[in-house]
Every structure is written in structure tokens, then in C-alpha cells.
Protein chains: 2
Amino acid sequence: MSGSPKAVVLLSGGLDSATTLALAREQGFDCYALSFAYGQRHKTELRASERIARAMGTIDHKTIDLDLGKFGGSALTDASIPVPTEPTSGIPVTYVPARNTVFLSLALGWAEVLGAHDLFIGVNAVDYSGYPDCRPEFIRAFERLANLATKAGVEGERFAVHTPLITLSKADIIREGIRLDVDYSATVSCYSADESGRACGHCDSCRIRAQGFTDAGENDPTRYR
Amino acid sequence: MSGSPKAVVLLSGGLDSATTLALAREQGFDCYALSFAYGQRHKTELRASERIARAMGTIDHKTIDLDLGKFGGSALTDASIPVPTEPTSGIPVTYVPARNTVFLSLALGWAEVLGAHDLFIGVNAVDYSGYPDCRPEFIRAFERLANLATKAGVEGERFAVHTPLITLSKADIIREGIRLDVDYSATVSCYSADESGRACGHCDSCRIRAQGFTDAGENDPTRYR
């Protein structure tokens, strides 16, 4: 039995969450990775999350089925809404209503069962798509909620939501990941990746990722179709 | 098309949420009921929620599968933890970690897709089991989070979490429900109800419900086994 503190790390299979997991491990946490099958168009990112969780020595990795497609309203969960292939203004249609709130809530539930008080999420408020639930004020509000919502909080424990990437550029995130030996060839960022994990090269997520590798001066291992 | 405002109402199939739905409807909302198959020991309360949603003229009723049993840690989701049959002190083992946080988060996601800004939840801080996520301070913290978490919130809409039962005694809740013709024989409160919805009569939830009917001076339609 390790005496290290435990952390629940949200793991999507993308570049940001893989780097977040590496940073949580570097900080000395025993990591419990949590992924969601939430009605994504592609399951390749879940396979990526399994590879990453294994490669990074997580203590446990759970994937929760969560059919957000029942609600619709996002290009990521509703097949009738196309994923944009050009930049758009404002909050894009790939925004999944309340997604990070839902994911953090479930991470909180697991943390409480594990006796963990640390959650990690790879949100970023610099090179991002303008999602409201990636902002620092959202994260602080969730921490406050967590302390009121839980038995552990009532008993005086304090939950922390760690966002080690929140002020980093995509290039800085990539540099951190390379320093920590993250295998970015195992990660999938594309909103429309095909079954074998090959990226479209055109969606918001592909564009931001490619620019990040260019800015970092690093080789981009992304496989395009 | 009705011009009434829309509300998402959390509906468990129990007495409190059925009364909450009746109160939301009385306030003029078009009601969208949301239930969860969250690894409960019994599915009878989900059947009850379907009957209630239909009887009360909801516009839509969705049931989301959510396997909180993967986390364990509660007598309601983990078959290895027995449901207590005697009163206990402190927060009981029937507490499901972060349950109301998870349920409200998903209600928020659906509300945003629907263009609704009103959520209803039948929490009660008087005759309750001591759950932290039934307290007014938790509800206020969730409202604050909702306004930061969502596209609608960023665009200036204000979400409200309505808790019409929060300061009512169980007897007062029952009197309100009877005034609004709630069919309490269709509701299931017991933590260990059998397949046909018959109650154990011994768990916390059964004891609180039975005392409520006695205090209200109303006939208790609960079927015991």
C-alpha cells in the first residue's frame, strides 16, 4: 500500500488530459483516472484513454457510460449537428451543455468513496474554444460546491480542483508533456477522428493542436487521414 | 405550442419529487421530468416515476442510465453494504456520494438544450436523513455554479434551482400533495422496496414517510410486504 495521497484525474484520451495526468503523477499523487462514454461520435478517444492510463501507471481507470446524446444540443453528441470545419465566432456548437460540471460531479463522487480530496482536470483558458466551463471562476465555484455537497466537506475536508494547464499555451502544454515523456502519438484530439484514431485536420481541436506543435517546435505525431 | 416557461424537474418516483412536480406545474411551468437509473437496488421507483410523469402531464420524461454502482460506497448502490433498519447517528450509509450534484448537473445540461432556466428538486432540510446535498447553502452554491458553467449563463440568463419542499415538514409536504391530487399510492419511498413496489417499513425512508402521514392525519396508501 502506497502512502501517497490519491487524486481522481479526468482523462479524455486527448493531449491536455494526458499531460494533466503526467503532472498529477509528478506531484506525487496516486492517480485514479476517470473517463466517460458520453455519446461521442467516435470511441477512439476512449481506446486512447485506456492506453494512456495503462502507460502512466494509474492505480485504477474507470469509464462511465453516460448518454448525453439523449439531451442533444451539441455537435459532439448529436449526429444531426455537423462539426464545423472552419473557425466560428462565439461559443461553438461543439460545446456540450454542462459537460465539465457533470464530469467533475462524477469525479467528486468517486473521490469521496476513495477518500481522495484532489481532482485534476485539463481545462485551459488560453488556447481553447471559448467554453464557459473551462474558466477559473467556474473551477473555483465547483470547489466551493464540492465542500458543501459532500460528507467529507461537512466533516471539514477541503476539496481542491487542480487545473495545471489553465494558464498555459498549447505549446507550453506540449513542452511539459514531452518533458514528462507523455506519448502524444497515443492521444486523440480530433472531434471527428475515424475508427483508427486518424484526425480530420480541420476541426477546432485539430487546428489548435497542430498550431501548438508548430509553436513548440516539436514533431507532431498526429496521424491524419 | 405553449408559451409557458419550461422547467426540468428531478423525479425519483418517491413522495417528495412527485409533490415537487405538482408544485412546479401549479406555478405554471411546462415540466420536463428527469429520472436516473443509477444502480439502485430496485427498479420499482423508476416504474413509479413513469406512472407519475404520465399522470401529471409532463411534456417529456427522460431516464438516464448512470452506473454509480461502479464507485460503490453507498448502501443504495453497493449490494455489499446493507440498508440499516434502525435509526443511525450522523450521515447514514444510504448517502450516495455527490448524488444531488450529479443529478442537478445533468438537469442543467438538459435545461440548457431546452432553453429552460428553472430546475426543481424535492430536497428537504427538515424531516430528512442528514444528507449534505439537501441543504440550502448547497442549492445556492449550485445556482452560482450553473450561471458560470453554461453558455446561457455567460450570455446573461439566470438559472434558478427551486426547492419548494426545503422548509416543509413531511406532514406539510403530504398536505400539499393531497391538495394538488398527487396519487401517493403510485409513489415508492422505501430504500428496499420489492419488485412490486411494496415497502419494508423499517428503513429511514419508510419511517419518515409513515410518520408524515400520521402527523398529517391522512390515510397512508403505502403497500407493505
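## Where the two chains meet

In this predicted model, the contact draws 37 residues from chain B and 37 residues from chain A; two residues count as in contact if their C-beta atoms, placed from the backbone, lie within 7 Å. On the chain B side, strand 3 (60–65), helix 3 (99–114), helix 4 (136–149) and helix 5 (151–154) each supply at least two residues. Helix 3 of chain B gives the most, with 9 residues. Helices (H or I, at least four residues) and strands (E, at least two) are DSSP runs, numbered from the N terminus.

Sorted by class, the side of chain B that touches chain A has 21 nonpolar, 7 polar and 9 charged residues. Here Ala, Val, Leu, Ile, Met, Phe, Trp, Tyr, Cys and Pro count as nonpolar, Asp, Glu, Lys and Arg as charged, and the others, Gly among them, as polar.

## A phenylalanine that touches both chains

B:Phe71 sits in the loop between strand 3 and helix 3 of chain B. This residue counts as buried because 23 C-beta neighbours lie inside 10 Å. The cut-offs are as follows: a residue is buried if 20 or more other C-beta atoms lie within 10 Å of its own, exposed if 12 or fewer, and partly exposed in between, with C-beta atoms placed from the backbone.

Leaving aside neighbours within four places in sequence, B:Phe71 is in contact with A:Gly109, A:Trp110, A:Val113 and B:Pro97. B:Phe71 and B:Val96 are 25 residues apart in sequence, and their C-alpha atoms are 9.8 Å apart in space.

## Helix 6 of chain B and its two partners

Helix 6 (residues 170–179) of chain B packs with helix 7 (residues 204–216) of chain B at an angle of about 70°, with axes 8 Å apart. Axes are lines fitted to C-alpha atoms, for helices over the stretch in contact, and angles run from 0 to 180 degrees between N-to-C directions. These two helices of chain B are therefore roughly perpendicular to each other. For orientation, angles under 35 degrees count as roughly parallel, over 145 as roughly antiparallel, 65 to 115 as roughly perpendicular and the rest as oblique. The residues of this contact between helix 6 and helix 7 of chain B divide into 6 nonpolar, 2 polar and 4 charged.

Helix 1 (residues 15–26) of chain B packs with helix 6 of chain B at about 50°, with the axes 9 Å apart, so this pair is oblique. In this contact, B:Asp16, B:Ala18, B:Thr19, B:Ala22 and B:Leu23 of helix 1 meet B:Ile173, B:Glu176 and B:Gly177 of helix 6.

## Chain A and its own helix 6

Chain A has 7 helices and 5 strands, running β-α-β-α-β-α-β-α-α-β-α-α from the N terminus on. Of its 225 residues, 51% are buried.

In helix 6 (residues 170–179) of chain A, the buried residues are A:Lys170, A:Ile173, A:Ile174 and A:Gly177. Seen down the axis, they fall within an arc of 95°, so they line one face of the helix; the arc is that of the directions from the helix axis to the C-beta atoms. These buried residues pack against helix 1 (15–26) and helix 7 (204–216) of chain A. After helix 6 of chain A comes A:Asp181, with a positive phi near 65°.

## Reading the numbers

Residues are numbered from 1 along each chain as its sequence is written, while chains are lettered from A and ligands numbered from 1 in the order in which they are written. As this is a predicted model, local features need pLDDT of at least 70 and side-chain atom pairs count only at pLDDT 80 or more, whereas totals for chains, interfaces and linings use all residues.
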